[in-house]
Amino acid sequence: MASTALPPTSLNPYQQTHEEKEQQYPVHYRGVKDLVDNGSRTLPQIYVKPPDERLVINSDQQQIPLIDLSELEGAGRSATVEAIGRACRDWGFFLVKNHGVSESTMENEMRVGREFFHLPTEEKMRYFSTDHKSRMRYATSFNVKEDKTLNWRDFLRYSCKPLEEMVPLWPDKPTDFRKENAEYIRKIGDLASILLSAISESLGLPSEYINEVYGDYSQYMAYNFYPACPNPEQTLGLPGHSDPGGLTLLMQDDVGGLQVLHEDHWVVVRPVPNTLVINLGDQLQILSNDIYKSVEHRAVVNSNRERISVATAYGPSMSTLIAPAPQLVNSSSPAVYKGCVYGDFLDSLESGSLHKKSVLDCLKLDMS
């Protein structure tokens with residue numbers, strides 16, 4: 001099916017002109033915030049998930065590990081690296097505090113994102129695209145053209161590199177959106193590199209091994225917006241999935257809605273002020289030769305409050321071949337996966353729906 005990406009303008013290839021924004025789209029292309037703003041009081045059938053997908057199994061007795069990074073560059077580095085490795089092995093998820101991103105930077109990043117989603121639909125639709133390769137786009141669900149049932153989620157996703165080139169292409173409303181995002185992106189990128197060094201060490205690899213493999217790394221940002229839902233028990237913000245990239249760094253508000261699949265139970269990731277949620281992506285599962293796992297997670301919605309999160313996907317360059325690290329492969333631990341170029345991996349995933357592990361499973365070598 002041909003892409004419905006919007007015609008480019010002379011100033012911004014990701015933004016419509018005034019005339020172009022009058023173009024009509026199917027109602028569900030305009031996003032769930034538009035449905036709510038137009039008075040929808042019941043959940044449209046296209047958002048109703050099959051019962052086996054929306055079954056809620058919560059385990060509030062557990063919480064993902066919380067790791068203090070204050071000693072990562074000091075005398076406590078070994079203990080901190082060990083804690084990170086244990087969290088990667090046992091959970092694939094962990095929270096971090098004292099991470100170097102200031103509270104004010106985090107608050108401003110949340111604020112401008114929330115303000116964007118509260119703009120009139122016509123303003124947001126200037127950036128609408130169904131082209132998953134677009135470097136800056138507003139959209140809804142996951143792949144609105146292919147999803148069999150839609151997800152109760154609107155999002156704004158954009159590339160961070162090269163920063164000087166991308167900043168002028170980001171939304172110009174709210175007026176400080178570009179300024180606040182540029183600041184947050186620099187800080188969160190530095191943190192991602194620091195964490196990958198620690199993860200390398202936790203695998204017994206040289207500190208800079210993963211960063212060097214990633215090379216000219218990729219970095220994408222995504223605001224996820226989940227309005228209050230009239231029938232939250234019948235749908236999801238995002239279904240169970242693993243992240244395809246290298247490392248995801250997530251900032252969530254105080255509402256909560258993220259759940260992690262752990263030992264066959266959905267564990268609620270309760271918001272903790274001034275922390276970030278870190279999870280491993282599929283590329284780290286491949287590189288670690290299955291020592292670490294890219295764990296399924298999902299987003300649930302509620303009927304009382306809107307929720308927003310900000311995800312940073314930090315991964316290899318699109319042309320990088322990712323394969324198990326040679327140091328982790330031997331006669332007793334043979335390679336579990338064949339190598340795959342990261343860009344090809346994303347194409348396989350994003351050309352369809354948000355399947356759980358289908359792409360990763362296809363890369364597994366025959367161990368029989």
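## Aromatic pairs and a helix crossing

Phe-116, Phe-117, Tyr-127, Tyr-138, Tyr-158, Trp-170, Phe-177, Tyr-223 and Phe-225 come together as one aromatic cluster. Keep in mind that this is a predicted model. Searching the whole structure turns up 11 aromatic pairs, and here are two of them.

| Pair | Centre to centre | Angle between planes | Geometry |
|---|---|---|---|
| Tyr-29 and Phe-128 | 5.7 Å | 45 degrees | tilted |
| Phe-117 and Phe-225 | 4.9 Å | 5 degrees | stacked |

Let's take the tilted pair, Tyr-29 with Phe-128. It links distant parts of the chain, 99 residues apart: Tyr-29 sits in the segment before helix H1 (32–37), while Phe-128 is in the loop between helix H5 (121–124) and strand S3 (136–140). Tyr-29 has 13% relative accessibility, so it counts as buried. Phe-128 is buried too, with a relative accessible area of 1%.

Now for the stacked pair, Phe-117 with Phe-225. Phe-117 belongs to helix H4 and Phe-225 to strand S5 (residues 218–226), so this pair ties together parts 108 residues apart in sequence. Both Phe-117 and Phe-225 are buried.

Then there's the packing of helices. How do the axes of H4 and H7 cross? Helix H4 (residues 103–117) and helix H7 (residues 177–202) have axes that come within 9 Å and cross at roughly 135 degrees, which makes H4 oblique to H7. The crossing of H4 past H7 is left-handed. On the H4 side, the contact uses Thr-105, Met-106, Asn-108, Glu-109, Arg-111 and Val-112; H7 brings Phe-177, Glu-180, Asn-181, Glu-183 and Tyr-184. Sorted by class, that contact has 4 nonpolar, 3 polar and 4 charged residues.

Technical notes
Residues numbered from 1 in each chain as written. Predicted model: local features only at pLDDT ≥ 70, side-chain atom pairs only at ≥ 80, totals over all residues. Heavy atoms only, no water. Axes fitted to C-alpha atoms, helices over the stretch in contact; angles between N-to-C directions. Helix = DSSP H or I, 4+ residues; strand = E, 2+ residues; numbered from the N terminus. Parallel < 35°, antiparallel > 145°, perpendicular 65-115°, else oblique. Left-handed = near helix turned anticlockwise from the far one by under 90°. Contact = heavy atoms within 4.5 Å. Nonpolar A, V, L, I, M, F, W, Y, C, P; charged D, E, K, R; others polar. Phe/Tyr/Trp six-rings, centres within 6.5 Å; stacked < 30°, edge-to-face > 60°. Buried < 20%, exposed > 50% of the residue type's maximum accessible area, 1.4 Å probe, protein only.
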